Amino acid sequence: MSTTVVRASYVIGFDGADHVVHRDGCVVYAGDSIVHVGSSYEGPADEVIDAGEAIVGPGFIDLDALSDIDHALIDTWHASSDGLTWSAEYAAGRRAAVFPLEETLFMREYALTQLIRNGITTAMPIAAETHSAWAESYEEFAGVAEIAGRLGLRMYLGPSYRSGVPVVRDGARDVHWEPELGEKGLAEAVRFVRDFDGAYDGRLRGALLPCRIETVTLDLMRATARAAEELDCLVRLHCMQGLSELRLLREWYGRHPLDVLESVGLLGPRLLIPHALYLGAPETPFEGSPDRLAALAGIVHCPLTTVRYGDALQDFDRYRAAGVNVALGTDSFPPDMIRNMDYGNNLAKLVTGRLEAGSAADYYRAATLSGARALGRDDLGRLAPGAKADLVVVDLSGPRTGPVDDPIRTLLMNCSGADVTTVVIDGRVVMRDRVIPGVDEKTFRARAQAYFTEMKAAYSTRDHLRRPVEELFPPSFRPA
């Protein structure tokens with residue numbers, strides 16, 4: 001078993017209670033596990049990686065990790081996004097997958113390489129179902145499992161499923177229901193967990209990932225809770241992320257989303273909720289305590305994506321003080337966890353008016369320790385003997401970084417995912433000096449651009465007004 005030593009000007013170790021900083025430190029791993037973290041190491045080494053002026057820290061944990069080409073590029077600046085939602089007529093009679101399986105899997109591979117480039121070592125994926133015939137399939141995620149295994153990512157996987165799809169009907173938002181497709185989707189998701197949980201030396205774990213709460217029937221939520229108990233796996237359900245969702249659930253069930261989750265048996269330690277923005281009723285959405293969320297595995301806070309849609313968590317420190325486990329998700333392209341933490345830090349200041357709100361340390365904990373806690377893992381999110389050898393090198397020597405004060409505050413304020421140079425997962429170097437073995441960057445980027453162009457064009461076929469792409473997505477400035 002070979003031993004590797006990684007040296008850097010700052011090593012973010014873990015002392016059993018919290019992260020600590022080793023100045024001019026090192027981390028040593030043998031096989032898939034860390035064996036030493038400290039200021040010096042005198043033992044044997046088969047390889048020494050001298051990262052120089054850099055931060056070596058635990059790999060980031062992204063529990064809402066974008067695994068497609070980001071639709072936020074084209075739907076975060078519209079006064080109304082009705083043109084990007086399926087028409088009722090398309091949902092009922094014309095829906096079809098925009099891309100064949102081969103192209104969809106290319107898109108997945110492209111997105112997964114971006115996770116590695118941004119220092120994300122453990123991910124739970126999210127993708128828009130807009131371009132599917134309904135939701136994700138077993139076959140698609142069997143392909144994703146192969147890609148993740150080949151790239152060396154640590155992932156919590158499962159195909160999404162839903163009973164209904166948001167549509168525009170007679171100019172207004174509605175849901176088109178086909179509950180039998182939700183039941184079929186859950187059956188495929190259960191099959192996937194049984195087949196792939198523990199694959200690739202344990203780096204792949206199964207999870208149940210139904211879509212948004214307003215597109216899943218009560219019966220399907222109950223069945224999901226039973227399946228998660230039987231499979232002993234996590235459930236992630238997007239919830240409490242918009243006022244329209246709150247109004248729909250009150251109209252249908254006369255209940256708040258948390259009451260709905262409790263009634264179907266999901267409100268408990270297996271559940272992850274992205275984004276958990278609203279606590280109260282539609283009339284008073286920010287009133288109330290987040291203490292009921294403390295019973296969950298955690299919420300998945302996605303500050304960068306949230307602010308792109310004109311919203312923010314109210315507020316990060318209040319949730320943590322109530323005992324809520326606040327993990328992070330990027331939910332955007334690029335999946336830049338460093339920028340994500342910085343946005344969160346700044347938004348916390350903005351919504352509270354306090355400069356000390358949402359500290360850099362707490363956001364770094366959320367991207368590492370809290371993500372591990374949400375997954376029930378004490379061997380991830382930290383650099384300590386016995387933990388998995390998942391680590392990230394962030395270069396601090398570039399001319400744009402400037403002077404280094406505190407390494408964590410400097411990381412958030414002066415760096416980005418572009419400064420990630422080397423990534424190790426399970427003791428395997430999956431990116432060295434910004435190069436991922438076997439990935440042709442130029443070819444990937446050209447193919448991704450062609451994919452995006454075709455994806456964008458498909459919106460016209462679903463639009464309830466059949467508007468052309470030029471009308472749906474006008475440029476910032478007219479062409480010269």
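1. How far is the sulfur of Cys-302 from the closest cysteine sulfur, and in which residue does that sulfur lie? The answer is 13 Å, to Cys-239, which is too far for a bond. A disulfide would need the two sulfur atoms within 2.5 Å. Searching the whole structure turns up zero disulfides. Bear in mind that this is a predicted model.

2. Cys-302 has 0% relative accessibility and counts as buried. Cys-415 is buried too, at 8%. The cut-off for buried is under 20%.

3. Helix 11 covers residues 337-352. Its 16 residues should span 22 Å at 1.5 Å a residue, and the end C-alpha atoms are 23 Å apart, which agrees. At its start, a side-chain oxygen of Asp-336 comes within 3.1 Å of the backbone nitrogen of Ile-338. After the helix comes Gly-353, with a positive phi near 75 degrees.

4. Buried residues of helix 11 include Met-337, Met-341, Gly-344 and Ala-348. In an α-helix there are 3.6 residues a turn, so residues three or four places apart point the same way.

5. Aromatic pairs number 16 in the structure. The charged end of Arg-162 sits over the Trp-86 ring, 5.6 Å from its centre.

6. Phe-141 and Phe-192 also pair edge-to-face, at 6.1 Å and 85 degrees. This pair links helix 4 to helix 5, with the two residues 51 apart in the chain. Phe-141 and Phe-192 are both buried.

7. Ring pairs join Phe-106, Tyr-110, Phe-333 and Phe-444 into a cluster. Elsewhere, Arg-382 lies over the face of Phe-14, 4.9 Å from the ring centre.

Key. Residues are numbered from 1 along each chain as its sequence is written. This is a predicted model: local features need pLDDT of at least 70, side-chain atom pairs count only at pLDDT 80 or more; totals for chains, interfaces and linings use all residues. Side-chain values use heavy atoms; hydrogens and water are left out. Buried means under 20% relative accessible area, exposed over 50%, partly exposed in between (1.4 Å probe, protein chains only). Helices (H or I, at least four residues) and strands (E, at least two) are DSSP runs, numbered from the N terminus. The expected span of a helix is 1.5 Å times one less than its number of residues. A polar contact is a pair of N or O atoms within 3.5 Å; within protein, one must be able to donate a hydrogen and the other to accept it, and residues adjacent in sequence count only if both atoms are side-chain atoms. Rings of Phe, Tyr and Trp (its six-membered ring) pair if their centres lie within 6.5 Å; planes under 30 degrees apart count as stacked, over 60 as edge-to-face and the rest as tilted. A charge sits over a ring if NZ of Lys or CZ of Arg is within 6 Å of the ring centre and within 35 degrees of the ring normal.
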